[in-house]
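This report goes through helix packing, salt bridges and selected residues of one model. Please read it alongside the sequence and the coordinates.

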Amino acid sequence: MKWMTNTCTFRLDDITPDMDWDKFYRVKAIFDKYKVKPLLGVVPDNRDPGLAHEEARGDFWECIQSCQREGYTIAQHGYQHTYETTDSGLLGIKSASEFAGLSYESQFRKLKAGKEILQNKGFDVTIFMAPGHTYDKNTLKALKKLGFTCVTDGYTDVPYRERGLLFVPCRSARISLPRSFDTICIHCNDFRESDYRELEQFLDVYASQVVPFSEVAAQLWYPRKSLGMRLVERRNLFLYQRKQKIACNPVIQEYLVNTYDEDSKRKQKKRLLGLPGLFLRLGRRRQSGERQK
């Protein structure tokens, strides 16, 4: 298939009535300019105060219907986007979940309530997007029972089928072209000026290599999850977790802040020049930790 190498699709998370609408429409304008239609992850009944950036719009559902008419695909992004457990689910990416760790019955009720809200607003949604990328076997069982056909998540390099569902991998929040296939996850609420420029520069070069999510989901043939795919997923998750561990290091965080520049070339130069000092500080920190032991 043409999108198995050097191609991607996009998804926009945390679409709610009280999101930052100015940022959403700025991002949407860039996608529209390049005729790219990403997947929109709509929270059916948002109760997460962290997603509330302004007063909720009364015409929210009309806006989402308009996006759908324009060719955007709609996904159910959880139910209320509230984290109830510390279970990291099947992927182990985040130790917080709206679903993972709860009983099948509890998860079914929540997923059904969210689906019914979307149905009552005129959306027949069959694609699911888990808050925090956290779900477990009970989540998948409930999704299948409720008629969902696709989960936008996973750490393989290609889409695959398992437990009666299609899994479309979503490994990156960085706007970059993968060597294989990936879904790039965007949170409009968090966008900075440099992010808008980065997105537009990327699409200016690679828009032809961005596949509509609807086209990915519509394909009838995908392989079952093989042993090889499981090994690739474990490798990708290991690399992600290692990056996260490095990113949480306060010395590295200070280095990243001090060498940040909105101009990508200047940023690259600053970070290269700052590497010797970074390695020196990391060595001192390691020696200090060993002495404390």
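## Crossing of α3 and α4

The crossing of α3 and α4 is right-handed, a crossing being right-handed if the near helix is turned clockwise from the far one by less than a right angle, and left-handed if anticlockwise. This is a predicted model, in which local features need pLDDT of at least 70 and side-chain atom pairs count only at pLDDT 80 or more, while totals for chains, interfaces and linings use all residues. Residues are numbered from 1 along each chain as its sequence is written, and side-chain values use heavy atoms, with hydrogens and water left out.

Helix α3 covers residues 104–120 and helix α4 residues 137–145; their axes lie 9 Å apart and form an angle of about 45 degrees. That angle makes α3 oblique to α4. Angles under 35 degrees count as roughly parallel, over 145 as roughly antiparallel, 65 to 115 as roughly perpendicular, and the rest as oblique. The axes are lines fitted to C-alpha atoms, for helices over the stretch in contact, and the angles run from 0 to 180 degrees between N-to-C directions. Helices (H or I, at least four residues) and strands (E, at least two) are DSSP runs, numbered from the N terminus.

From α3, the residues Y104, Q107, F108 and L111 meet N138, T139, K141, A142, L143 and K145 of α4. Contact here means heavy atoms within 4.5 Å. The residues of this contact divide into five nonpolar, three polar and two charged. Ala, Val, Leu, Ile, Met, Phe, Trp, Tyr, Cys and Pro count as nonpolar, Asp, Glu, Lys and Arg as charged, and the others, Gly among them, as polar.

## Packing of α1 and α2

The axes of α1 and helix α2 (residues 60–69) cross at roughly 10 degrees and come within 14 Å. The two helices are therefore roughly parallel to each other. In α1, the residues W21, F24, Y25 and K28 meet F60, C63 and C67 in α2. The contact of α1 with α2 comprises six nonpolar residues, no polar ones and one charged.

## Salt bridges

The structure holds 17 salt bridges, each defined as a side-chain nitrogen of Lys or Arg within 4 Å of a carboxyl oxygen of Asp or Glu. One of them joins D32 and K37, with an N to O distance of 3.1 Å. D32 is partly exposed at a relative accessible area of 25%, and K37 is also partly exposed, at 22%. Buried means under 20% relative accessible area, exposed over 50%, and partly exposed in between (1.4 Å probe, protein chains only). A network of salt bridges links K28, D32, K37 and E70.

In the salt bridge of E84 with K110, the closest N and O atoms are 2.9 Å apart. E84 lies in the loop between β3 (73–77) and α3, and K110 in helix α3, so the pair ties together parts that are 26 residues apart in sequence. E84 is partly exposed, with a relative accessible area of 49%, whereas K110 counts as buried at 9%. K225 and E233 also meet through their side chains in a salt bridge (2.5 Å, N to O). K225 counts as buried at 14% relative accessibility, and E233 is buried at 9%.

## Positive phi values

D14, in strand β1, has a phi near 60 degrees, a positive value in a residue other than glycine. D14 is buried, with a relative accessible area of 9%. H81 also has a positive phi, of about 60 degrees, and is not a glycine. H81 lies in the loop between β3 and α3 and counts as buried at 6% relative accessibility.

D20 sits in the loop between β1 (7–15) and α1 (21–33) and counts as buried at 17% relative accessibility. Leaving aside neighbours within four places in sequence, D20 is in contact with H53, E54 and N189. The C-alpha atoms of D20 and F191 are separated by 9.8 Å, although the two residues are 171 residues apart along the chain.

V151 belongs to strand β5 (residues 150–151) and is buried, with a relative accessible area of 2%. Not counting residues up to four places away in sequence, V151 touches F128, L140, L143, L165, L166, F167 and V168. V151 and I252 are 101 residues apart in sequence and 34 Å apart in space, C-alpha to C-alpha.
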